[in-house]
Amino acid sequence: MPFLGQDWRSPGWSWIKTEDGWKRCESCSQKLERENNRCNISHSIILNSEDEEIFNNEEHEYASKKRKKDHFRNDTNTQSFYREKWIYVHKESTKERHGYCTLGEAFNRLDFSSAIQDIRRFNYVVKLLQLIAKSQLTSLSGVAQKNYFNILDKIVQKVLDDHHNPRLIKDLLQDLSSTLCILIRGVGKSVLVGNINIWICRLETILTWQQQLQDLQMTKQVNNGLTLSDLPLHMLNNILYRFSDGWDIITLGQVTPTLYMLSEDRQLWKKLCQYHFAEKQFCRHLILSEKGHIEWKLMYFALQKHYPAKEQYGDTLHFCRHCSILFWKDYHLALLFKDSGHPCTAADPDSCFTPVSPQHFIDLFKF
């Protein structure tokens with residue numbers, strides 16, 4: 001009797017028990033072949049009918065292209081997400097474990113789909129997607145690519161709904177579209193997993209997302225209660241000093257004339273430069289005004305072009321050096337039940353944990 005499990009050696013037969021004994025059912029491949037022949041016959045009948053002139057070549061190509069896009073859209077909407085909070089990062093085979101963990105596998109298994117719904121982890125996931133778009137897109141498997149664009153779709157829809165951080169997503173889509181254009185033009189010279197038509201459809205989807213974000217308009221909220229403009233100056237100034245991104249300060253300064261005045265404070269930009277960059281870097285890119293004062297605002301953006309700014313995230317992935325496990329740390333469970341977020345065997349688990357920056361996440365899977 002043939003092997004009936006999910007194995008490549010199986011011929012695809014199935015058996016049913018009858019009064020006369022076991023009988024073999026019709027194989028799936030024969031059914032599919034019969035359905036394909038039926039579709040081909042019906043398609044030829046349509047094209048050979050009297051209305052054949054309606055289906056000219058251009059319309060036929062358009063219908064074929066549309067079917068491909070619909071199939072691709074349905075395919076990408078089928079989620080392949082895992083919801084694991086931790087994974088074991090092994091870089092080589094041992095007696096206990098064979099194989100190794102890749103970037104695509106980590107991206108598939110860790111719960112990034114739920115992470116984007118957490119405001120503390122949102123910027124972290126976006127930055128990670130941006131780094132993958134710049135340098136690691138070709139290393140993702142087909143399933144990892146599908147999950148990548150599914151998560152990206154969720155992020156775009158979230159931004160369109162709640163208007164949260166559209167600038168970050170615009171930068172991400174810009175880097176992703178630039179990378180895809182280079183890869184599509186150089187197809188054959190670089191390793192591009194998947195059909196070229198699928199990548200072209202993905203590029204068209206990215207351009208559509210960019211247009212939607214470009215047309216995004218912030219709706220003015222009508223609120224009769226206390227607003228940001230009603231706060232005293234020292235509180236508004238304190239809010240500006242909490243920002244770690246210069247573009248956020250400029251954006252908030254465009255709300256009211258008072259906030260614009262506070263956002264141009266030289267001391268504010270000096271603190272921002274000192275937070276992100278070292279004093280040795282100041283001397284190399286010193287910008288002075290006509291009166292001899294240091295232009296800290298211009299210096300911040302000049303330094304940003306030459307040196308990476310300090311990254312700040314509400315929550316990140318963590319790596320346990322004792323267990324070699326990458327995991328999301330649930331602070332609520334950690335406080336209530338002393339749960340470390342993964343089955344750690346160390347005597348003092350907290351001393352083994354290291355926050356993982358987006359670049360560190362990429363470097364973990366470089367062999």
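A pocket here is an open set of grid points with protein on both sides within 12 Å along at least five of seven lines, and its lining residues have an atom within 4 Å of a point. The model it is applied to is predicted. In this model the largest pocket is lined by 39 residues. Asn165, Arg167, Leu168, Asp245 and Asp248 are the lining residues that lie nearest its centre. The volume of this pocket is about 1,600 Å³.

Two or more residues come from each of α5 (119-136), α7 (166-185), α10 (246-253) and α14 (296-306). The biggest share belongs to α5, which gives 7 residues. By residue class, the lining holds 16 nonpolar, 12 polar and 11 charged residues. In terms of domains, at least three lining residues are drawn from domain 2 (99-215), and at least three from domain 3 (245-306).

Lys134 and Asp175 form a salt bridge, with 3.9 Å between the closest N and O atoms. The cut-off for such a pair is 4 Å. Because Lys134 belongs to helix α5 and Asp175 to helix α7, the pair ties together parts that are 41 residues apart in sequence. The count of salt bridges in the model comes to 9.

The strands come next. Four of them make an open sheet, in the order β3-β5-β4-β6 and with antiparallel pairing. At its edges are β3 (86-88) and β6 (353-356), each of which pairs on one side only. Neighbouring strands of the sheet are turned against each other by 25° on average, with direction ignored.

Another pairing involves β1 and β2. Strand β1 (residues 15-18) and strand β2 (residues 21-24) run antiparallel and are joined by 4 bridges.

Technical notes:
Residues are numbered from 1 along each chain as its sequence is written. This is a predicted model: local features need pLDDT of at least 70, side-chain atom pairs count only at pLDDT 80 or more; totals for chains, interfaces and linings use all residues. Side-chain values use heavy atoms; hydrogens and water are left out. On a 1 Å grid over the protein atoms alone, a cavity is a set of points where a 1.4 Å probe fits but cannot get out, and a pocket is an open set with protein on both sides within 12 Å along at least five of seven lines; lining residues have an atom within 4 Å of a point. Grid points are joined across faces, edges and corners, and a volume is the space filled by probe spheres set on the points. Ala, Val, Leu, Ile, Met, Phe, Trp, Tyr, Cys and Pro count as nonpolar, Asp, Glu, Lys and Arg as charged, and the others, Gly among them, as polar. Domain bounds come from an automatic or database domain assignment. Two strands pair if DSSP finds at least two bridges between them. Axes are lines fitted to C-alpha atoms, for helices over the stretch in contact, and angles run from 0 to 180 degrees between N-to-C directions. A salt bridge is a side-chain nitrogen of Lys or Arg within 4 Å of a carboxyl oxygen of Asp or Glu.
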